[in-house]
Amino acid sequence: MANDNNLLIPADYVYIFSPPGQLGQLDAIVQQAKALQASAEAQNKLIMTLQTQISLPKAQNVTYTAENVALDKHTNWFLPTQPQQRPCFVCHYYGHRFENCPNIHSNAYNRCIRCWKHEHTLQNCQLPKEQIVRPPFKNNFLYPNELLNHVF
Ligand SMILES: [Zn+2]
Ligand SMILES: [Zn+2]
């Protein structure tokens, strides 16, 4: 691939146009790239095609607050939403209440929200005041500040 470095168009882009099963045919790909490089019209066509092709996967360019939990303007957001002006006190995101927090496992919904154990409520919790138990967040959960540091 070393002599691909001087191609104007990255080889990765050219792969998109190669029919499946021909990816091994490097020569053909290089020829294709060189032809594109030689023709402004072909390059414009390539760019337009790439833009339409890329616009579909772009929908997957979602930010997640936890595994399979998308950042969502309405239900899971890092700024106040209507009608949720206060953050979920478990995960600190806005748009939902802790009773249906999408960032914790749903089997935690009926647990004590201080120690996250079953069979008692916050009022009867025996956990010493100075102790803090991390809520049972889904995998890869990031608090809003962690997410913002992570993304920007
Ligand atoms: Zn929450
Ligand atoms: Zn408890």
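Visitor: Over which residues from position 1 onward does pLDDT stay under 50, and how many contacts beyond four places in sequence does the model have for them?
Guide: This is a predicted model, and pLDDT stays under 50 over residues 1-23. For that stretch the model has 25 contacts beyond four places in sequence. Where pLDDT is low, the predicted coordinates should not be read in detail.

Visitor: And how many such contacts does the model have for residues 53-59?
Guide: Residues 53-59 have one contact beyond four places in sequence. Their pLDDT also stays under 50.

Visitor: What is the mean pLDDT of the protein chain?
Guide: The mean is 73, and 59% of the residues reach 70 or more.

Visitor: Turning to the fold, how many helices and strands are there?
Guide: The protein chain has four helices and two strands. In sequence order, the pattern is α-α-α-β-β-α.

Visitor: What share of the residues is buried?
Guide: Of the 152 residues in the protein chain, 13% count as buried. As for contacts with a separation of 6 or more, 36% of them join residues 24 or more positions apart.

Visitor: Which residues make up the largest nonpolar core?
Guide: That core has nine residues: Ala66, Val69, Cys88, Cys91, Tyr93, Tyr94, Cys101, Ile104 and Phe137.

Visitor: Taking Cys88 from that list, what is it in contact with, leaving aside neighbours within four places in sequence?
Guide: Cysteine 88 is in contact with Tyr93, His96, Arg97, Phe98 and Cys101.

Visitor: How far is asparagine 100 from cysteine 88?
Guide: Their C-alpha atoms are separated by 9.3 Å, and the two residues are twelve apart along the chain. Asparagine 100 lies in the loop between S2 and H4.

Visitor: Is asparagine 100 buried or exposed?
Guide: Asparagine 100 counts as exposed, because it has 11 C-beta neighbours inside 10 Å.

Visitor: Where is threonine 75?
Guide: Threonine 75 is placed in the loop between S2 and H4. It counts as partly exposed, because 16 C-beta neighbours lie inside 10 Å.

Visitor: Which residues is threonine 75 in contact with, again leaving aside those within four places?
Guide: The contacts of threonine 75 are Gly95, His96 and Pro102. In the case of histidine 96, the C-alpha atoms are separated by 5.6 Å, although the residues are 21 apart along the chain.

Visitor: A change of topic: what is the phi of asparagine 68?
Guide: Asparagine 68 has a positive phi of about 65 degrees, although it is not a glycine. This residue is found in the loop between strand S1 (64-66) and S2.

Visitor: Finally, why does isoleucine 132 count as exposed?
Guide: Isoleucine 132 counts as exposed because it has 9 C-beta neighbours inside 10 Å, and the cut-off for an exposed residue is 12 or fewer. Isoleucine 132 is found in the loop between strand S2 (69-70) and helix H4 (144-151).

Visitor: How far apart are isoleucine 132 and cysteine 115?
Guide: They are 7.5 Å apart in space, C-alpha to C-alpha, and 17 residues apart in sequence.

Technical notes
Residues are numbered from 1 along each chain as its sequence is written. Chains are lettered from A and ligands numbered from 1 in the order in which they are written. This is a predicted model: local features need pLDDT of at least 70, side-chain atom pairs count only at pLDDT 80 or more; totals for chains, interfaces and linings use all residues. A residue is buried if 20 or more other C-beta atoms lie within 10 Å of its own, exposed if 12 or fewer, and partly exposed in between; C-beta atoms are placed from the backbone. Two residues are in contact if their C-beta atoms, placed from the backbone, lie within 7 Å. pLDDT is the predictor's confidence in each residue, from 0 to 100. A nonpolar core is a set of buried Ala, Val, Leu, Ile, Met, Phe, Trp, Tyr and Cys residues joined through C-beta atoms within 7 Å.
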